[in-house]
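The sequence and the structure are shown first.

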Amino acid sequence: MTRSTPKTRPVIHGVGRWGHPNLRTWEPQNPDDVAEELMLDIGSRGKKGADNFTLRVATPTGLSRLPSEHGIIATRPLLVMARYDYADLWSWLEQTVETCGGETWLDCVAELRQYFSWEFEGMTRV
């Protein structure tokens with residue numbers, strides 16, 4: 001069975017972290033000690049507008065600094081890197097988002113939510 005080409009393809013419009021809207025120009029003080037929440041603007045290829053998604057990126061040392069709640073340090077969405085490297089992170093983000101195509105934007109969102117939190121998470125339609 002061959003998989004058809006998705007009609008809607010998501011693309012990254014921007015990635016930042018709190019206080020730094022362009023991740024490309026941010027460097028951590030210590031690439032071995034990172035625990036940052038990233039904000040991603042992802043939209044349909046060829047269209048204006050994007051939805052907001054979040055992802056925590058951490059190294060093992062960074063995770064060890066996070067406070068625990070009832071013994072839990074982190075839940076999804078979480079990406080653990082051995083050492084923070086922007087090129088490796090960007091490559092993973094692009095490849096992951098590229099795999100999340102669908103017939104409609106909501107189909108794409110359903111796929112993206114496997115990796116990221118969506119800004120409308122938990123909201124119900126009226």
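Helices (H or I, at least four residues) and strands (E, at least two) are taken as DSSP runs and numbered from the N terminus. In those terms, proline 77 sits in the loop between helix H1 (60–65) and S4. The model is a predicted one.

**Overall layout**

The protein has three helices and five strands. Read from the N terminus, the order of elements is β-β-β-α-β-α-α-β. Along the principal axes, the C-alpha atoms fill a box of roughly 45 × 35 × 35 Å. The protein has 126 residues, and 35% of them count as buried.

**Strand pairing around S3**

Strand S3 (residues 51–58) pairs with strand S2 (residues 35–44), with strand S5 (residues 117–118) and with strand S4 (residues 78–80). The table sets out these pairings.

| Strand pair | Sense | Bridges | Residues facing each other |
|---|---|---|---|
| S2 and S3 | antiparallel | eight | methionine 39 and threonine 54 |
| S3 and S5 | antiparallel | two | phenylalanine 53 and tryptophan 118 |
| S3 and S4 | parallel | three | valine 57 and leucine 79 |

S2 and S3 form a hairpin with six residues between the strands. In this hairpin, glycine 46 takes a positive phi near 85°.

Histidine 70 has a positive phi of about 60°, although it is not a glycine. Is histidine 70 buried or exposed? Its relative accessible area is 79%, and residues over 50% count as exposed, so histidine 70 is exposed.

**The largest pocket**

The largest pocket has a volume of about 160 Å³. Its lining consists of Glu37, Thr54, Leu55, Arg56, Ile73, Ala74, Thr75, Arg76, Pro77 and Ser117. Which element gives the largest share of the lining? That is S3, with three residues. By type, the lining divides into four nonpolar, three polar and three charged residues.

**Helix H2**

Helix H2 (residues 86–98) has 13 residues. From its first C-alpha to its last it reaches 18 Å, close to the 18 Å expected at 1.5 Å a residue. The buried residues in H2 are Leu89, Trp90, Leu93, Thr96 and Val97. These residues are on the same side of H2, because they cover an arc of only 135° around the axis. Ala87 and Gln95, on the other side of H2, are exposed.

**Glycine 19**

Glycine 19 is placed in the loop between strand S1 (10–17) and S2. With a relative accessible area of 80%, glycine 19 is exposed. Glycine 19 and proline 67 are 48 residues apart in sequence, and their C-alpha atoms are 21 Å apart in space.

Key. Residues are numbered from 1 along each chain as its sequence is written. This is a predicted model: local features need pLDDT of at least 70, side-chain atom pairs count only at pLDDT 80 or more; totals for chains, interfaces and linings use all residues. Side-chain values use heavy atoms; hydrogens and water are left out. Two strands pair if DSSP finds at least two bridges between them. On a 1 Å grid over the protein atoms alone, a cavity is a set of points where a 1.4 Å probe fits but cannot get out, and a pocket is an open set with protein on both sides within 12 Å along at least five of seven lines; lining residues have an atom within 4 Å of a point. Grid points are joined across faces, edges and corners, and a volume is the space filled by probe spheres set on the points. Ala, Val, Leu, Ile, Met, Phe, Trp, Tyr, Cys and Pro count as nonpolar, Asp, Glu, Lys and Arg as charged, and the others, Gly among them, as polar. The expected span of a helix is 1.5 Å times one less than its number of residues. Buried means under 20% relative accessible area, exposed over 50%, partly exposed in between (1.4 Å probe, protein chains only). The arc is that of the directions from the helix axis to the C-beta atoms.
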